[in-house]
Structure formats: C-alpha cells, structure tokens
Amino acid sequence: GDASGSTSTEENPSFTYDAPGDYTVSLSATGTGGAAEVSMNINVQPNNFELYYIDNDNLKVRKLDLNNPSSPVDVFDLPGFSFGLAYDESNEEFYYADDDAQTVWRQDLDGSNQTSISTGLSGPRDIALDIANSYAYVTERSADRITRIDLTDNSTINFYSNTDDANFLLPVGLDIHDGNLYATAVDFDAETVWRGSIPDIALDQIIDFSAGGFGYGISVDKVNDKLYFDNND
C-alpha cells in the first residue's frame, strides 16, 4: 500500500510504515481452486504516544515520551498520596483519587484548575470515566463499594457494594468498556474480577478467587476486546 511496493509470501508477515496515513493492504491467494484477492484499508497512526503516571514517591504526575522513555518529565504536583489516574481526552482533563484527603480531583492536562469533585470518600482507589453520560466511578476500598459521581452536579450514589454481594470486598481496579464496568476485589480468599452492565447497576463475578488472584490494576484493550489484570499471587 505504500510507494515501496513491498510484498511478502510469509504466513504472518510484518511491515513497518515510514509515515502515518491511509494505506490499502492487499492479499492474493493462489491454489488448485484458482486465485482470489482481497484488500483492506488501514490507518497508520503517528507514533508520538505519551504515558502519564502517578509517582507517589515524589507526589507528582509525570509523563514519558514512548519514543524516548528514559527521560520522564514532571507534569504537575499532587496534593497527596494518589491512585487511579484517568484521562478525559475530550476535555483534556485528568481525574485522580487522593487517599490522604479522601477526595477525587479533576485537573487540566497542564496542571492548572485543580477542582474537588467528591470528598469524604473511604479509601478511594481507581477511577473510570463515562464522559458521554457525565459520570465518574471510583472504588472505595475501605467501604467495600463503587461510588458513581454525577459530573453535572458532583452528587454521588452507591453504585455497587458488599451489601449487594457479600464477596465484593476491598474493590480496587476499575475500567469501562462498551457499556460494562469491570472491577477487581482483593480481599484474601475473595480475590475476584467482576463485570456488569452500567444501566443495570449490578455486577457479576467473571473470574473467581482461585483464578483471579490478589491484584490491583485492571484495564480493557478496547480495540481487541481483551481484559488485562494483575495477579500478585
């Protein structure tokens, strides 16, 4: 699809494009039954991705240029020991949970306009954003629950807790994909992964403690529909 006209006869070839853009990839097959060709249009994105992360040793949000990951850059100072960095790409804003102040904060990409979104939480950990519907979700580890924050007025509801299921203990990891909320719970002998439809306000175990393990982070690969979570056990 590019000017080089490169081809391959490998079963699973790989190819590196020198520039981002739209390309057409073609596959030709020839055999005893005849020949056929199929084409697919692809879009190659620029390789200029940055990774943002919380550095609690220095109480900063920092970033890495993934083309030069050896040189982290400070983005802004954190008010306290924090978790659950989530990014609203539409508005270029970060959300994170401050465990010292028991508060969820919102802050611009450049570190300005720090705003308190929800206070009085109990061990806030991970955050998942549903910006299309103006909601943020936060796990409250010490309260065994997920709280939903309405971003239009910062009101909250108890979205799911151990009163809904006694095995939902010490929730930590959180992510959203395709109308579903995914969570980890990390209590000993109850380490589980959960999923539920957001409109239904209900979760079910999809991985039990024997397979789930003691893990904190969970993330959905929204392109390939894969679920990633860590297992410290």
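In which loop is the place of Leu66? Leu66 sits in the loop between strand 4 (60-65) and strand 5 (68-77); strands (E, at least two residues) and helices (H or I, at least four) are DSSP runs, numbered from the N terminus. This is a predicted model, in which local features need pLDDT of at least 70 and side-chain atom pairs count only at pLDDT 80 or more, while totals for chains, interfaces and linings use all residues. Residues are numbered from 1 along each chain as its sequence is written, and side-chain values use heavy atoms, with hydrogens and water left out.

**Overall make-up**

- The protein has one helix and 19 strands.
- Its C-alpha atoms fill a box of roughly 65 × 40 × 35 Å, taken along the principal axes.
- Of the 233 residues, 35% are buried (under 20% relative accessible area; exposed is over 50%, and partly exposed is in between, with a 1.4 Å probe and protein chains only).

**Leu66 and its patch**

- Leu66 is partly exposed, because its relative accessible area is 45%.
- Together with Phe49 and Leu51, Leu66 forms a nonpolar patch on the surface, with about 280 Å² of accessible area in total.
- Patch residues have over 30% relative accessible area and no salt bridge, and nonpolar side chains (Val, Leu, Ile, Met, Phe, Trp, Tyr) are joined within 5 Å, like charges within 9 Å.
- A salt bridge is a side-chain nitrogen of Lys or Arg within 4 Å of a carboxyl oxygen of Asp or Glu.
- Accessible areas come from the Shrake-Rupley method with a 1.4 Å probe.

- Four strands form an open sheet in the order 6-7-8-9, with antiparallel pairing (two strands pair if DSSP finds at least two bridges between them).
- Strand 6 (82-88) and strand 9 (115-118) each have a single partner strand, so one side of each is left without a neighbour in the sheet.
- Strand 6 is joined to strand 7 (residues 93-98) by five bridges, and Asp88 stands opposite Glu93.

**Strand 11 and its partners**

- Five of the six residues of strand 11 are buried.
- Strand 11 pairs antiparallel with strand 10 (residues 124-130) over five bridges, and Leu129 stands opposite Ala136.
- Six bridges join strand 11 to strand 12 (residues 145-150), also in the antiparallel sense, and Glu140 stands opposite Arg145.
- Thr139 lies in strand 11 (residues 135-140) and counts as buried because its relative accessible area is 0%.
- A polar atom of the Thr139 side chain lies 2.7 Å from the backbone oxygen of Val172.

Methods. Polar contact = N/O pair within 3.5 Å; in protein donor to acceptor, adjacent residues only side chain to side chain.
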